[in-house]
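Please read it alongside the sequence and coordinates.

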Amino acid sequence: MREYKLVVLGSGGVGKSALTVQFVQGIFVEKYDPTIEDSYRKQIEVDDQNCMLEILDTAGTEQFTAMRDLYMKNGQGFILVYSITAQSTFNDLQDLRLQILRVKDTAEVPMVLVGNKCDLEDERVVGKDQGEGLANEWRVRFMETSAKSKTNVSEIFFELVRQINQKVPDVKKKQGGDNCCVLL
């Protein structure tokens, strides 16, 4: 079974843990408890392929930036989360993305831009068009989610797995599975 290392990034309070826990355990965490770093494992099936996801739910607070380079280096795909109710959380993502590209030393990395808390439409300050515009600029997928109402929660993780599969196909599958050779 192929393993995938996914990293969830964004400012404090945007709902990174709520999205991750909703996806992994199927529950909505109501209270805000700042994360230092939590790791989750979940087995899923994407496009008839069994996958083991290792999801790193990261700290949104600035005091843990030293840890960032390490999980950016090890991560294969990234979910960049902002809250539709806080413009600053949207603005913070530009630096995070640049840091990922610098650490990975590449121009393209499997990534999904996520506008979370879409259930709070009446408190919205970041328009959907802003999210779509940034995603187009970065050439990444964009989705609005709600951990509370379970909107697009699974979809962001499935999308990231598909992007990783496109970028780095499963070698064993391509070779027919049995790495056998004939010696003459």
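**Fold and surroundings**

From the N terminus on, the elements of the protein follow the order β-α-β-β-α-β-α-α-β-α-β-α-α, giving 7 helices and 6 strands. Helices (H or I, at least four residues) and strands (E, at least two) are DSSP runs, numbered from the N terminus. This is a predicted model, in which local features need pLDDT of at least 70, side-chain atom pairs count only at pLDDT 80 or more, and totals for chains, interfaces and linings use all residues. Residues are numbered from 1 along each chain as its sequence is written, and side-chain values use heavy atoms, with hydrogens and water left out.

**Overall packing**

- Of the 184 residues, 46% count as buried (under 20% relative accessible area, 1.4 Å probe, protein chains only).
- Among contacts (heavy atoms within 4.5 Å) with a separation of 6 or more, 72% join residues 24 or more positions apart.
- The protein exposes about 9900 Å², of which carbon and sulfur atoms supply 49%; the areas come from the Shrake-Rupley method with a 1.4 Å probe.

**Strand β1**

- Strand β1 (residues 2-10) is largely enclosed by the rest of the structure, because 7 of its 9 residues are buried.
- Strand β3 (residues 49-58) runs parallel to β1 and is joined to it by 7 bridges, with Tyr4 opposite Leu53 in β3.
- Strand β4 (residues 77-83) is also parallel to β1, through 5 bridges, and Val8 stands opposite Ile79 in β4.
- Strands pair if DSSP finds at least two bridges between them.

**Gln163**

- Gln163 belongs to helix α6 (residues 153-167) and counts as buried because its relative accessibility is 14%.
- Leaving aside residues up to four places away in sequence, Gln163 touches Pro110, Met111, Val112 and Arg141.

Definitions and conventions. Buried < 20%, exposed > 50% of the residue type's maximum accessible area, 1.4 Å probe, protein only.
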